[in-house]
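Here is a short briefing to read alongside the structure.

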Number of protein chains: 2
Amino acid sequence: MATLRVHNLTISLDGYAAGPNQGLDAPLGQGAGELHGWMFATKSAGGTGVGTDDNFTRWGDENIGATIMGRNMFGPVRGEWPDETWRGWWGENPPFHHDVFVLTHHPRPDLRMEGGTTFHFVGDAPEVVLQRAFDAAGGRDVRLGGGAATVREYLSRELVEVMHVVVVPQFLGSGERLFGDLPLEAYEVVDTVTTSSATHVVVAKKA
Amino acid sequence: MATLRVHNLTISLDGYAAGPNQGLDAPLGQGAGELHGWMFATKSAGGTGVGTDDNFTRWGDENIGATIMGRNMFGPVRGEWPDETWRGWWGENPPFHHDVFVLTHHPRPDLRMEGGTTFHFVGDAPEVVLQRAFDAAGGRDVRLGGGAATVREYLSRELVEVMHVVVVPQFLGSGERLFGDLPLEAYEVVDTVTTSSATHVVVAKKA
């Protein structure tokens, strides 16, 4: 059965998935630029590294047929769309190559990009969006892309099946937390491994 | 030079050093009973395990000449001492065997126990208490025993030199956080290793 998965969600040792003051120049907030260094060093993300970090990075794309993401992950624009010039962080040929559902209360027409990616801007309940994503994925899994607030939303509804969290040996000091005051009784840690760059933790819904 | 060190400070994956509702029946709060299971399984803490977990546990006692701890770590009593019947969690022969400085705003006479442990109840500023502890330690290091609030206090003043944090693959959901909104620019992670029970992280003050 197709499931909802989270991958490569990286947090600092003090628990932040993003620093303060996210914006155009700092998509992940101040000080968070290095958070994903472990990933960009891997072959699957454009670097040269192979092995554990790379395997985890690649896993995030395997058997994924659609993506859901929060609006802040799509871009730095907040509130109403002033116009339709913002087309995502990823250029004209985004690396998704499938339907991407962007959660937002501000409607906007579908955005069809090169390479098979179409952004849908949806304001429905998380469950409804998930069902649309499953339909679009055609039997493959759906990836929940982030950011932290969106993952928290789906986690709290116990709709996430598997979550790969990466803890990097850095402190951000403040920002947006992934965990915290979130009941997680339905989940357990099933694997933990530390590489020279990061600690990978696999969280799964209890059977 | 003698330094202030933190050891075996264990937090859940979601960042809590203790669960909610600490008290006599649950010194570390609800749900936090298993937090230190990794440690009690080691030979140095009464179990049988040897290797990485055990080495870290043992490190916490090496070259320590005095201990500082928060009042909540000494016992479940809050506010004024109703009497002097509470003598710590550890029985008549506590495992310190040196001077222990208990931070509290409520004075109480020194408590001389068997085996060389004396509890001093002190309401001075953290720096003053630290100096007293260094004096008592006679050239050896001082251990900051916890809990989280006390460690945060000393961390924020950059008085901690080395801190061994242990992240266990569990969720508490709520409780007392170790990190969070604490500026940690002065510190860096110098080692991370994951065992079958826990992830050990060594944090040190930048040179």
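**Chain A at a glance**

Chain A contains 5 helices and 11 strands. Its radius of gyration is 16 Å, close to the 17 Å that the globule rule gives for 207 residues, so chain A is as compact as a globular protein of that length. Please keep in mind that this is a predicted model.

- If you follow the C-alpha trace of chain A along its principal axes, it spans about 45 × 40 × 35 Å.
- Buried residues make up 52% of the 207 residues in chain A.
- Taking the contacts in chain A with a separation of 6 or more, 64% come from residues 24 or more positions apart.

**Surface and charge of chain A**

- Among the side chains of chain A, 16 are positive and 26 are negative.
- The centres of these positive and negative sets in chain A lie 2 Å apart.

**A strand pair to look at in chain B**

- Now turn to chain B, where strand β10 (residues 187-194) pairs with strand β11 (residues 199-205) in the antiparallel sense, over 7 bridges.
- These two strands, β10(B) and β11(B), form a hairpin, with 4 residues between them.

How values were computed
Residues numbered from 1 in each chain as written. Chains lettered and ligands numbered in written order. Predicted model: local features only at pLDDT ≥ 70, side-chain atom pairs only at ≥ 80, totals over all residues. Heavy atoms only, no water. Rg over C-alpha atoms; globule rule 2.2 N^0.38 Å. Buried < 20%, exposed > 50% of the residue type's maximum accessible area, 1.4 Å probe, protein only. Contact = heavy atoms within 4.5 Å. Lys, Arg positive; Asp, Glu negative; His and termini not counted. Charge placed at Lys NZ, Arg CZ, Asp CG, Glu CD. Pairing = 2+ DSSP bridges.
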